[in-house]
Amino acid sequence: MTHTDGTTPESPTTTAAAVFQMITGHYLSTAISTAARINLADTMDAPAISHHVLAERTGTHPDSLIRLLQLFATTGLVTDDGDGRFTLTPAGRLLRTDDEESLHAVALMHASSGHMQRWFALGDQLTEAPKAGRAEPSSNPFAQMPPHVAAVFNRAMSFFARHTAGAVIEGYDFGRFRTVVDVGGGEGTLLAAVLKATPGLHGTLLELPSAVEAGRQALAEAGVADRSEVIGGDFFDSVPPGRDAYLLKNIVHDWDDEPSRTLLRNIRDAMKEDSRLLLVETVRPDRFGPTVADRLAAYSNLGMLLNGGSERSEQEYAELLASAGLTLRAVVPVYPVWTGAPTGSVIEAVRS
């Protein structure tokens, strides 16, 4: 049977159905975050596992857990094998903690109380001027994170760094440099990838003291410990001087213009005459449409509103850099494999 609008009962693509799924999108995101919190995917180590067994392993009630699993069966995270038995799919494996491409930490981060409270306050934020939140370096929320929260955050950021790294290396030539410092580079995922791909390059990871040990471990595991060092510090105070390249991934978008200028001036003061500043950021398009790149940019830009930062246009980056004594030289789009779209750029700048 075909409806008058051309849709069929088996394919709920009416405008109302599509909008309803958008409205209730938080059902699924909350369910996924909850599954990550109880490590549900880790317990699904064999096909066709009974929901009773999974409930025992996760400390949940079978009749409640099966409802969660049934929702996941409609999204492709698990398959429903009948009689209350479920199998994890390749997509569902991304919620395991031991999967090489794990999104487990990303799901946990988005389920945190602080993250949810910011989104619940979206209505209030819309009545205020943009960038009203994270305005002062002294209120650096990253430095104030409890260790367990910082650990989850850094693991989540490592996913994005890992998937962006290949695109950055493919799109930008690091072979011209002898030294590079990754400013605020988390666990060193991006720096490790750049060093592995560029023999002879020496790298420095600058991170908050709480992340130093994790950074050293990650660089050692990547086999580049002999060509790298990790320095604990705050980039609002200073950055290591005299390097050929200063690499910052998704750092500037976290901050309003004034603290961003403070950071960029610190880097300018540390740069040599021929040094390069490399910002890996989303460049906000002038016009938005229904593409993957535009949708992810819009998600991030709205999220930055809640966090006190902003995704900037190319012109805004040029103006911000100029106000810190830097000149924008080039914007190189990069194509992370996980999106298959130009969802980031390497913004190259030099001293004015």
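In the predicted model, residue D182 has L247 of strand β7 as its bridge partner. This bridge belongs to the pairing of strand β4 (residues 179–183) with strand β7 (residues 245–249), which run in the parallel sense and are joined over three bridges.

Both strands are part of an open sheet of seven strands with mixed pairing, arranged in the order β6-β5-β4-β7-β8-β10-β9. Because β6 (228–232) and β9 (326–334) each have a single partner strand, one side of each of these edge strands is left without a neighbour in the sheet. On average, and with direction ignored, neighbouring strands of the sheet are turned by 20° against each other.

Two helices that pack on the sheet are described here. Helix α11 (residues 189–197) touches β4, β5 (202–207), β6 and β7, and its direction makes about 180° with that of β5. Helix α13 (residues 257–270) is in contact with β4, β7, β8 (276–281), β9 and β10 (344–351); the angle between its direction and that of β7 is about 160°.

Helix α11 also contributes to a pocket: along with α7 (104–110), α10 (147–171) and α12 (212–221), it supplies at least two residues of the lining of the second largest pocket. The volume of this pocket is about 600 Å³. Its lining comprises 25 residues, with R155, S158, R162, E187 and T189 lying nearest the centre. The largest share, six residues, comes from α10.

The mean pLDDT of the protein is 88, and 90% of its residues reach 70 or more. Over residues 1–10, however, the pLDDT is below 50, and this stretch has ten contacts in the model beyond near neighbours in sequence. Where pLDDT is low, predicted coordinates should not be read in detail.

Methods: Residues numbered from 1 in each chain as written. Predicted model: local features only at pLDDT ≥ 70, side-chain atom pairs only at ≥ 80, totals over all residues. Heavy atoms only, no water. Pairing = 2+ DSSP bridges. Helix = DSSP H or I, 4+ residues; strand = E, 2+ residues; numbered from the N terminus. Axes fitted to C-alpha atoms, helices over the stretch in contact; angles between N-to-C directions. Contact = heavy atoms within 4.5 Å. pLDDT = per-residue confidence, 0-100. 1 Å grid on protein atoms, 1.4 Å probe; cavity = no way out; pocket = protein on both sides within 12 Å on 5 of 7 lines; lining within 4 Å. Points joined across faces, edges and corners; volume = space filled by probe spheres on them.
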